[in-house]
Amino acid sequence: MERLDARKKLVFIGPMGSGKSSLARKYIKKYGGRAIDTDAEFTRRYGDITAFFARYGENEFRKREQDLLIEAAESDARVIATGGGAVLSKKGMSALRRRFDIVYLTAPIDKLKARIASSDRPLKNDVEAILKAREPLYEKYADFTVDSSEDSLVALEAALGVPRNNRYDVVLCDADDTVLDFQSAMKLSVLYAARTVGMINSDEHIISVYKSVTDEIWGRLERGEITRQELNSMRFRLFTERMGVSADADEMNKLYLEKQRTTRFVLYGAKEFLCGMRARGIKVYITTNSYAHIARERLKALDGCADGTFISEELGSDKPNPEFFRKVFEAIGCPDRSRTIVIGDSVTSDIKGGINFGIDTCLYDPSGTKRSDADYTVKRYDEIFDIL
Ligand code: S3P
């Protein structure tokens, strides 16, 4: 093959002696662009790696190595050659996966040993045990596997001839403010309730007071401090209190929910996003903290865009409780957790829930203002396809 896909940006992972650095050099020589070698970069900044290990220990090395991986992931490099232990950093690997395809270089153990025999590497005597321990990680992250025993560039070109496989089989996608436009639904519904009971305050004031109340009580629900019923009876009591008006809170709650039930507002591009994932063979399930009779109606707007819907009221627990995810998993046939990802806009329910349950997480944050421990953060749907 003469030309490779111009968009392909590659990261080489694999054990010591698998030829990551030399393949990076060969690749750039033939195709152009910039290569980063994280070990070489480490040495440039902090001096000899073996000396660093001896002086500061492996942990300190891994910390700095992780920072270098993240920095390289955000660079304009065309290829990145990593150190053999890069796969130990989940954060580093997630950052790399976001913008690069990952190539796992392998070679028979004798070849690896022979290649590193005369070099000075701190862990070179343990290569066999280390490889055994890390093999599952190399395999997990490998989008392509390339045997470097012979001409690794030729083998790489052959491997890249087909598109990479999906990294995930299952997506658990939140509904509100991830694919449904909850902000519009909420504003319409709260204004309807307020006007119906005769409130004359400005739209902005009503909405901002309502938002402060719901942010607070949904937080309490997520933390397990109140039940769904308590939330329901509390929200307009608190709202009318804070507005300083004496309106019938129960009536307002009824009006609010009635109106919300009629809203079928889909975020721009959400249908294409969901259908696009399914077209790639990924199972997509909508997971939402909500009331069944309301969510079922509103989700009709996304009919045919998902393989199923899970609503917290029906499951009897809310995100981020691991129980919520356990029940979803059971219902969908217990997929491989390492190949399942949660996508959602809420740090406290989606991201925290995914982390609690031990699955990967992707924060959908169009504003780019949220902070979280998610494996990935994206502003746009199309960025998610690079991850999947
Ligand atoms: C290491 C591999 C080395 C280097 C360091 C630790 C490892 O990189 O990062 O000595 O833990 O396997 P190479 O794979 O380039 O030898």
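Modeller: Begin with Arg-298, which is found in helix H14 (residues 292-298). Helices here are DSSP runs of H or I with at least four residues, strands are E runs of at least two, and both are numbered from the N terminus. This is a predicted model, in which local features need pLDDT of at least 70 and side-chain atom pairs count only at pLDDT 80 or more, while totals for chains, interfaces and linings use all residues. Residues are numbered from 1 along each chain as its sequence is written, and side-chain values use heavy atoms, with hydrogens and water left out.

Biologist: Is Arg-298 buried or exposed?

Modeller: Buried means under 20% relative accessible area, exposed means over 50%, and partly exposed is in between, with a 1.4 Å probe and protein chains only. Arg-298 has 3% relative accessibility, so it counts as buried. Lys-29, in helix H1, has 76% and counts as exposed.

Biologist: With which side chain does the side chain of Arg-298 make a polar contact?

Modeller: A polar contact is a pair of N or O atoms within 3.5 Å; within protein, one must be able to donate a hydrogen and the other to accept it, and residues adjacent in sequence count only if both atoms are side-chain atoms. The partner of Arg-298 is the side chain of Thr-263, at 3.2 Å.

Biologist: Which residues come nearest to the ligand?

Modeller: A residue is near a molecule or strand if one of its heavy atoms lies within 4 Å of it. There are 14 residues around the ligand, and Lys-20, Asp-39, Arg-62, Arg-121 and Arg-134 come nearest. Ligand oxygen atoms lie 2.7 Å from a side-chain N or O atom of Lys-20, 2.5 Å from one of Asp-39 and 2.7 Å from one of Arg-134. The protein covers 96% of the 380 Å² of accessible area that the ligand has on its own; accessible areas come from the Shrake-Rupley method with a 1.4 Å probe, and for residues only the protein chains shown count as cover.

Biologist: Which helix gives the largest share of that shell?

Modeller: Helix H4 (residues 58-73) does, with three residues.

Biologist: How are aromatic pairs read, and how many are there?

Modeller: Rings of Phe, Tyr and Trp (its six-membered ring) pair if their centres lie within 6.5 Å; planes under 30 degrees apart count as stacked, over 60 as edge-to-face and the rest as tilted. The count comes to 20 aromatic pairs. One of them joins Tyr-27 and Tyr-31, tilted, at 5.1 Å centre to centre with 45° between the planes. Both lie in helix H1 (residues 20-31), four residues apart, about one turn of the helix. An α-helix has 3.6 residues a turn, so residues three or four places apart point the same way. Tyr-27 and Tyr-31 are both buried.

Biologist: Why is the pair of Phe-42 and Phe-61 called tilted?

Modeller: Their ring centres are 4.8 Å apart and their planes are at 55°, so the pair counts as tilted. Phe-42 lies in helix H2 (residues 38-46) and Phe-61 in helix H4, so the pair ties together parts that are 19 residues apart in sequence. Phe-42 is buried at 1% relative accessible area, and Phe-61 is buried at 4%.
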